[in-house]
Amino acid sequence: MSIGYACLTIGVQNTNLRSCTAKNVDKEKLLDLISHNLNSLENIIDYNIKNNIKLFRISSDLIPFGSSPINSLPWEEEFSSKLSEIGEKIKTSGMRISMHPGQYTVLNSPNIDVVNRAIDDLNYHTKILDALGVGSEHKIVLHIGGVYNAKEEAISRFITNYDKLNDSIKMRLVIENDDKSYNINDVLEIGTKLGIPVIFDNLHNEINCYDKEKNDVYWINKCKRTWKEKDGNQKMHYSQQNLLKKLGSHSNTIRFDQFMEFYERLGREDIDIMLEVKDKNLSAVKCINATTKDNKIKRLEDEWSKYKYTILENSPNNYLEIRKLLKNKNDYPVASFYNFIEISMEAEITVGNAINALLHVWGYFKNISEDKEKKSFYKSIEDYKQGKISISAIKNKLWKMTVKYNQLYLLNSYYFFL
DNA sequence: CACCGTCAAGTCGCA
DNA sequence: TGCGACTTGACGGTG
């Protein structure tokens, strides 16, 4: 089983993707943006390798206007060596990647222009995976599209248009149930008819349910039959409802207990799980640590080094509790550890606790910073106490100093980004 | 440097 | 027929 995350990272340096507006596009700018974004992608892949994350979705924003005539650059040739270099890292590390055109790529539209743009977009995604040199187990995930008051016709349009696609797209295309129009039963029927693997998305199924009597595991095992040898392991999407937002919104983090309940009910290892969640790689690491057979406390200690200042800021009591929890070096208290983290993150941050955490982090700079940095920091604390500036303004300053003074321990901390 | 409107896509519900 | 909501992170302009 591989567990992974989609598109972006938290707390990993130099991994942001840049873009621009359509009216500002020119060749020079595009080259610059693509070059930047490929560097970011490489940094993400390096991070994944280092953290043993074997599943990752590449953002469709990798190449700005990649499927639009606005971008007529032969970018796959211009950057071919960089792309294949990244592809080599992916392949030799055994990572599995994917891409996922958004809800706006609609292959079954009655509007031929929309369909043609959808095909262009699928070609674009294929071009990236081809340029990376990865095989047919690296998938492109697509939704079926709109209904247009006539589902049967809409489905047959999907089937007709799918047939028009060229083989390099077909060998990677898989389809997924959505939260509005096509439930898992619909998608399974289409997938079976066309011989396309089906991705089960648990939250979409919860919201757009075909049969309330059937549980997740029923559908997951049914989907398994659509995955052939050349497709690699079955894949699925897993997410949890954000309890404070409206139906379908992804949670900030994957709640440990709920995930484990799912994992144990699933009872299978021959499936890859793509998490869709706000805290991205953080939840991926969490779920990997939750399910690994290599349950050494070192994993939790590494995590703790990244979370600790955030926890100190949120809940000094839990900070002490977690330290106690990690004392026994032969133990692997993964459930308690992440439960403490999750509970702490929900706590209300007080001014006093926030300043306490700031001062702990400041400890790294107390003796090495310049006078004006010291003055600026203490002034910021006073301004924050009086409500003149926000905590994030001070954190940004400390982050800049972290980079400037190359404080390795802090460079890996989530404190600046959570 | 913080803030916020805008962008970009296609569908669908509602006037 | 037309328009706003939906979604997302980043741009781009303002103060």
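**Entry 1: the β-α-β unit.** I began with β7, helix α10 (residues 256–266) and β8, and I recorded that they make a right-handed β-α-β unit. I note that the model is a predicted one.

**Entry 2: strand pairing.** I next looked up the partners of β7. Strand β8 (residues 271–275) pairs with β7 in the parallel sense, over five bridges. Within this pairing, I found isoleucine 271 of β8 as the bridge partner of glutamine 234. I then turned to strand β6 (residues 198–201), which runs parallel to β7 and is joined to it by two bridges. Here phenylalanine 200 stands opposite methionine 236 of β7.

**Entry 3: burial of β7.** I asked how many residues of strand β7 (residues 234–238) are buried.

**Entry 4: Leu275 and the core.** I looked up the contacts of leucine 275, leaving out residues up to four places away in sequence. Leucine 275 touches Tyr238, and its other contacts include Ile3, Tyr5, Ile254, Phe259 and Cys287. I then examined the largest nonpolar core, which has 114 residues. Leu275 and Phe259 are among the members that touch the most others, as are Leu107, Leu132, Phe158, Phe337 and Leu398. Helix α4 (residues 112–132) gives the most to this core, with nine residues.

Note on methods. Residues numbered from 1 in each chain as written. Chains lettered and ligands numbered in written order. Predicted model: local features only at pLDDT ≥ 70, side-chain atom pairs only at ≥ 80, totals over all residues. Heavy atoms only, no water. Core = buried A, V, L, I, M, F, W, Y, C linked by side-chain atoms within 4.5 Å. Buried < 20%, exposed > 50% of the residue type's maximum accessible area, 1.4 Å probe, protein only. Helix = DSSP H or I, 4+ residues; strand = E, 2+ residues; numbered from the N terminus. Contact = heavy atoms within 4.5 Å. Pairing = 2+ DSSP bridges. Right-handed = clockwise from strand over helix to strand, strands pointing away.
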